Amino acid sequence: MQWLKTKTIEQALADSDEPGRQLQRTLGVFDLMILGLAVAVGAGIFSVGARAAGSFAGPAVIFSFILAAATCALAIMCYAEFASTVPVTGSAYTYTYLTLGEGLAWIIGWNLLLEMISAAAVLAKYWGIYLAAVFSTAGIDIPQTIQIAGFGLNWGPFFIVAVFTALLIAGTQISAKVNNVFTVIKLVITVFVIVVGFTYMNTDNFTPFVPQSQPPVVAHGVTGDVWGQPMLAWLFGAAPSQYGWLGVISGASLVFFAFLGFDVVATSAEEVKDPQRTLPRGILGGLALVTVLYILVTLALTGMVPYTELAKAENPSLATAFIAVGAGWAAQVISVGVLIGMTTVVMVLLMGSSRVLLALCRDGLLPRSWGVTSVKRKTPVRLQLAVGVIVAVLAGFTKVELLEEMINIGTLSAFVLVSIGVLVLRKKRPESSTGYRVPFMPVLPVLSALLCFYLMLNLTTLTWLRFLGWMALGAVIYMAYGMRHSRLAQAYKK
């Protein structure tokens with residue numbers, strides 16, 4: 001059957017050298033670490049931990065971050081083996097194509113597009129909101145929307161998406177240099193937040209460390225109805241609850257959003273110098289730094305104010321904690337940090353989306369005429385423009401923030417299949433892994449797949465319903481177009 005057919009490593013490498021569809025290798029270890037930091041240390045570090053502490057885990061949100069980081073680390077090990085063995089663009093889509101077949105590869109590519117484009121649009125929209133907030137703290141009021149032909153347009157997202165689309169078209173190396181500067185600035189702000197936050201710490205706020213489980217309060221996405229409770233609780237008929245150790249796990253499913261991006265880094269594999277050595281070091285090094293920063297920020301946050309104060313806030317964040325202890329001036333610095341943080345995240349997500357699309361077009365699952373690169377700059381100009389337009393329209397005209405949890409479930413589904421794919425790769429091609437190899441096979445990949453799927457089951461039933469609908473749409477597109485136009489299918493007909 002066509003959907004079960006796989007590509008070989010040799011085919012994937014040959015496709016990456018096809019004239020007119022090539023990318024240029026310009027990135028080193030430092031660039032990859034900064035790329036991971038750029039996309040992971042974004043708005044999430046300033047807000048998602050506060051929401052998880054207030055609504056799910058209390059001070060034990062630290063365990064939520066550790067569980068999410070450990071799950072991410074296991075999956076990233078699998079990504080690192082694939083990326084160093086087959087250093088081509090496409091990330092989880094390409095790896096699934098090599099091991100589990102074209103049908104699952106298409107679904108994962110479809111899910112990656114959901115993750116990256118939705119995340120870019122959500123963050124671009126919030127970028128516009130925070131831009132207005134930063135101007136407001138300086139006493140300058142600027143309108144967030146302008147009227148065009150009777151429609152209200154959020155101009156901020158259009159601006160940031162247009163700037164970074166132009167930079168990415170200009171070249172990966174140019175955009176990487178701009179990204180490096182912005183990332184260093186936001187890391188300085190993050191360290192500032194940690195240092196100042198520790199000066200306001202009150203250890204009494206850590207008691208109780210794991211708040212007692214209780215019926216949920218309708219706030220911050222926690223509801224008592226069937227749609228707002230975790231899928232796992234609904235499947236087993238458990239009563240909805242908030243806090244306790246189940247709250248810690250639900251918090252891990254939420255804060256996993258803060259670790260998104262390391263799979264995006266893998267999409268740049270084809271633009272990395274000496275990928276067998278560079279990719280594993282860059283991806284795993286970036287993850288280690290991000291984990292340390294998140295744990296320190298979370299300690300500062302939950303030590304400054306009781307988790308009950310965060311639970312009362314409509315949109316809890318680090319700024320909420322600083323205002324509560326009378327350090328409003330620090331909240332202004334945080335607003336600037338959030339703005340800069342989201343700036344780099346938007347750029348990396350725009351880049352990742354176009355690289356996944358390029359891989360899909362190379363393989364004929366989408367029109368091949370879309371997947372060409374510039375002769376001079378070696379960037380996918382058409383695809384980058386298309387991604388920019390889609391993200392700008394979504395962020396400027398729609399309530400795209402309603403799809404936030406879809407970002408998590410799309411990523412986790414990719415992590416599950418990549419973890420399984422490593423097992424298949426070792427069995428089919430044991431000699432192929434010449435770079436990084438996942439240790440303790442097959443235990444770590446199996447554990448990675450189980451943990452990622454478990455976190456998926458702790459997302460809400462409404463998120464699952466939307467996710468299944470998205471996959472059904474993807475299956476229809478594959479059967480209507482991709483299955484017939486696939487280069488692999490054409491090759492088998494000859």
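Helices α15 and α16 make a right-handed crossing. Helix α16 covers residues 381–397. The two axes come within 9 Å and cross at roughly 125 degrees. That angle makes α15 oblique to α16. The model described here is predicted.

Helix α2 spans residues 29–40, and helix α12 spans residues 275–304. Their axes lie 8 Å apart, and the helices pack at an angle of about 40 degrees. α2 is therefore oblique to α12, since angles under 35 degrees count as roughly parallel and 65 to 115 as roughly perpendicular. The crossing of α2 past α12 is right-handed.

Charged pairs come next. Side chains of opposite charge can pair when their charged atoms come close. Nine salt bridges are present in the structure. Among them is the pair of Glu10 and Arg429, whose closest N and O atoms are 2.8 Å apart. Glu10 belongs to helix α1, while Arg429 sits in the loop between α17 (404–428) and α18 (443–457). The pair therefore ties together parts that are 419 residues apart in sequence. Glu10 has a relative accessibility of 45%, so it counts as partly exposed. Arg429 also counts as partly exposed, at 23%.

Arg426 forms a salt bridge with Glu81. The closest N and O atoms of this pair are 2.7 Å apart. Arg426 lies in helix α17 and Glu81 in helix α4 (residues 61–85), so the bridge ties together parts 345 residues apart in sequence. Arg426 and Glu81 are both buried.

Glu270 and Arg362 form another salt bridge, with closest N and O atoms 2.6 Å apart. Glu270 is placed in the loop between α11 (262–266) and α12. Arg362 is in helix α15, which covers residues 328–362. Glu270 has a relative accessible area of 2%, so it is buried. Arg362 is buried as well, because its relative accessible area is 4%. The cut-off for buried is under 20%.

Some salt bridges are linked to one another. Lys7, Asp15, Asp363 and Arg487 are joined in a network of salt bridges.

A nonpolar surface patch was also found. Met1, Trp3 and Leu4 make up this patch. Together they have about 340 Å² of accessible area. Met1 lies in the segment before α1, a helix of residues 9–16. Its relative accessible area is 65%, so Met1 is exposed.

Most residues other than glycine have a negative phi, and most peptide bonds are trans. Two peptide bonds described here are cis. Thr207 and Pro208 are joined by a cis peptide bond, with omega about -5 degrees. Pro208 is found in the loop between α8 (172–199) and α9 (231–235). The bond from Met441 to Pro442 is also cis, and its omega is near -5 degrees. Pro442 lies in the loop between α17 and α18.

That loop also holds Phe440. Phe440 is not a glycine, yet its phi is positive, near 55 degrees. Phe440 has a relative accessible area of 64% and is therefore exposed. Ser91 likewise has a positive phi, about 55 degrees, although it is not a glycine. Ser91 sits in the loop between α4 and α5 (92–99). Its relative accessible area is 0%, so Ser91 is buried.

Notes. Residues are numbered from 1 along each chain as its sequence is written. This is a predicted model: local features need pLDDT of at least 70, side-chain atom pairs count only at pLDDT 80 or more; totals for chains, interfaces and linings use all residues. Side-chain values use heavy atoms; hydrogens and water are left out. Patches are made of residues with over 30% relative accessible area and no salt bridge: like charges are joined within 9 Å, nonpolar side chains (Val, Leu, Ile, Met, Phe, Trp, Tyr) within 5 Å. Accessible areas come from the Shrake-Rupley method with a 1.4 Å probe; for residues, only the protein chains shown count as cover. A salt bridge is a side-chain nitrogen of Lys or Arg within 4 Å of a carboxyl oxygen of Asp or Glu. Helices (H or I, at least four residues) and strands (E, at least two) are DSSP runs, numbered from the N terminus. Buried means under 20% relative accessible area, exposed over 50%, partly exposed in between (1.4 Å probe, protein chains only). Axes are lines fitted to C-alpha atoms, for helices over the stretch in contact, and angles run from 0 to 180 degrees between N-to-C directions. Angles under 35 degrees count as roughly parallel, over 145 as roughly antiparallel, 65 to 115 as roughly perpendicular and the rest as oblique. A crossing is left-handed if the near helix is turned anticlockwise from the far one by less than a right angle, and right-handed if clockwise.
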